[in-house]
Amino acid sequence: MAHYQTAGSVPPKRHTQHRAPDGKLYYEELMGEEGFSSDSSLLYHRHVPSAVAGARIWQLPDQTTEANQPLLPRHLRLHELFDGEEWKSCDAVRDRRLILGNADVRIGYVVAGTASPLYRNATGDECVYVEAGAGTVETVFGDLEVGHGDYVILPRATTHRWVPSGDAPLRLYTIEANSHIAPPKRYLSRYGQFLEHSPYCERDLRTPGAPHVVEGENVELYIKHRGDGPGGLAGTVHLLPHHPFDVVGWDGCLYPYAFNIADFEPITGRVHQPPPVHQVFEANNFVICNFVPRKVDYHPLAVPVPYYHSNVDSDEVMFYVGGDYEARKGSGINVGSVSLHPGGHSHGPQPGAIEGSLGAERFDELAVMVDTFRPLGLGEAGRVCDDGVYAWTWARNS
């Protein structure tokens, strides 16, 4: 992000002495991307950030995937994954279940009721969508208060934890990249400012509050990193001699932030607009879009629902999070559903949806879409919540 931020106590000049009131030197850490040739931030710690007192293996949740063969569109019912009161003992890190994945991205789901351990994803950025509930994302930069409709962007290797609040479950849709996640380049000037045609801007982003120092010794930190396990992943738990939330100040352009889907201003037209107008983020070999309540096409002969389309280079994953999705009526899809439309299959409205949409002036729908440029495999959770009949609904209802 070119949106420079500073918080807490930092020296007037970078890479110079910065001392506590008692004269002790703070420890400067440069956290930077792409070999320190891209965005970075400087953090000032009370303790040595490299110190590790012990380590053990963290057995990650099942990361295996199976090919989508035979090639089929699928309906995955995520709300069936956590039964009854099970969520109350689950946390947002160790209890994630893998829905879909490939070499570029892993899409998961978790329903959490208890605080997670401290966590660092060393394989890539995370974009976590808050489907329901509320909580605090405590980070080394400061805290983010999050709730329904928030995207939370966590840069690679950001130390953080999730703390649910209230009595309701915290439902999270997790998008873990093996790269960085950022606003689309076409929304930005060559210097990184959001342009006038962008559907959101810097004012819509929420950055962490002031950093706070947490006292503690012998603190565990869970790290997901590159390894020889399924998906090229492995896990390690480090025992830290001091709590990692010891930052007294930081500045730079690399930090976590939140953006609420309600602040996305939809782009509409006289006829149906193509999916790229709904894009919100991009990463290596995948994009993230959202479909929000909006005025629909206003040409006198407009067809408001999408045309049948074959996205020949992509698998399309749609997570339905609110409203009434006109194009999927009669398919069994509802709030909490995920549809997978793989490359090689032409998809579009259910039979009857086109005629039923004519004359509509507004769609009240809310969905998060991930389009990947490599095929997705079915994770453990995707396999168990597949309804098994979605592929036949166009023929059954025609």
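**Entry 1: a charged pair**

I began with one pair of side chains. Arg383 and Glu66 meet in a salt bridge, with N to O at 3.7 Å. I kept in mind that this is a predicted model. The cut-off for such a pair is 4 Å, so 3.7 Å passes. I then looked up the total across the interface of domain 1 and domain 2. The rule finds four salt bridges there.

**Entry 2: the two domains**

Next I checked how the protein chain is divided. Domain 1 takes in 51-72 + 82-245. Domain 2 covers 262-387. The C-alpha centres of the two domains lie 25 Å apart. For the contact, I noted 39 residues from domain 1 and 42 residues from domain 2.

**Entry 3: the buried area**

How much area is buried between domain 1 and domain 2? I wrote down about 3,500 Å². Carbon and sulfur atoms give 60% of that area. Then I asked which three residues supply more than any other three on the domain 1 side. They are Leu100, Asp104 and Tyr151. Together they supply 16% of the area that domain 1 buries against domain 2.

**Entry 4: polar contacts and strands**

I went back to the interface for polar contacts. The rule finds 18 residue pairs between domain 1 and domain 2, both residues at pLDDT 80 or more. I then listed the elements that give two or more residues to the side of domain 1 that touches domain 2. They are β5 (65-66), β7 (97-101), β8 (105-112), β10 (126-132), β13 (150-154) and β15 (170-177). Of these, β7 gives the most, with five residues. I also sorted this side by residue type. I found 23 nonpolar, eight polar and eight charged residues.

**Entry 5: a site from the record**

I turned to UniProt. An unreviewed entry there places the feature "binding site" at His309, Glu316 and His347. Are these residues spread out or clustered in space? They are spread over 39 residues of sequence, yet they cluster in space. Their largest C-alpha distance is 11.1 Å. I also looked up where Glu316 sits. Glu316 is in strand β24, residues 315-323.

**Entry 6: a named stretch**

The unreviewed entry lists residues 112-175 as "domain: Cupin type-2". I checked the make-up of this stretch. Residues 112-175 are 0% helix and 64% strand. The end C-alpha atoms of the stretch are 16 Å apart.

Notes
Residues are numbered from 1 along each chain as its sequence is written. This is a predicted model: local features need pLDDT of at least 70, side-chain atom pairs count only at pLDDT 80 or more; totals for chains, interfaces and linings use all residues. Side-chain values use heavy atoms; hydrogens and water are left out. Domain bounds come from an automatic or database domain assignment. Contact means heavy atoms within 4.5 Å. Buried area is the accessible area (1.4 Å probe) that two parts lose on being put together, summed over both. A salt bridge is a side-chain nitrogen of Lys or Arg within 4 Å of a carboxyl oxygen of Asp or Glu. A polar contact is a pair of N or O atoms within 3.5 Å; within protein, one must be able to donate a hydrogen and the other to accept it, and residues adjacent in sequence count only if both atoms are side-chain atoms. Helices (H or I, at least four residues) and strands (E, at least two) are DSSP runs, numbered from the N terminus. Ala, Val, Leu, Ile, Met, Phe, Trp, Tyr, Cys and Pro count as nonpolar, Asp, Glu, Lys and Arg as charged, and the others, Gly among them, as polar. UniProt positions are given in the numbering used here, feature names are shortened, and annotations may be inferred rather than shown by experiment.
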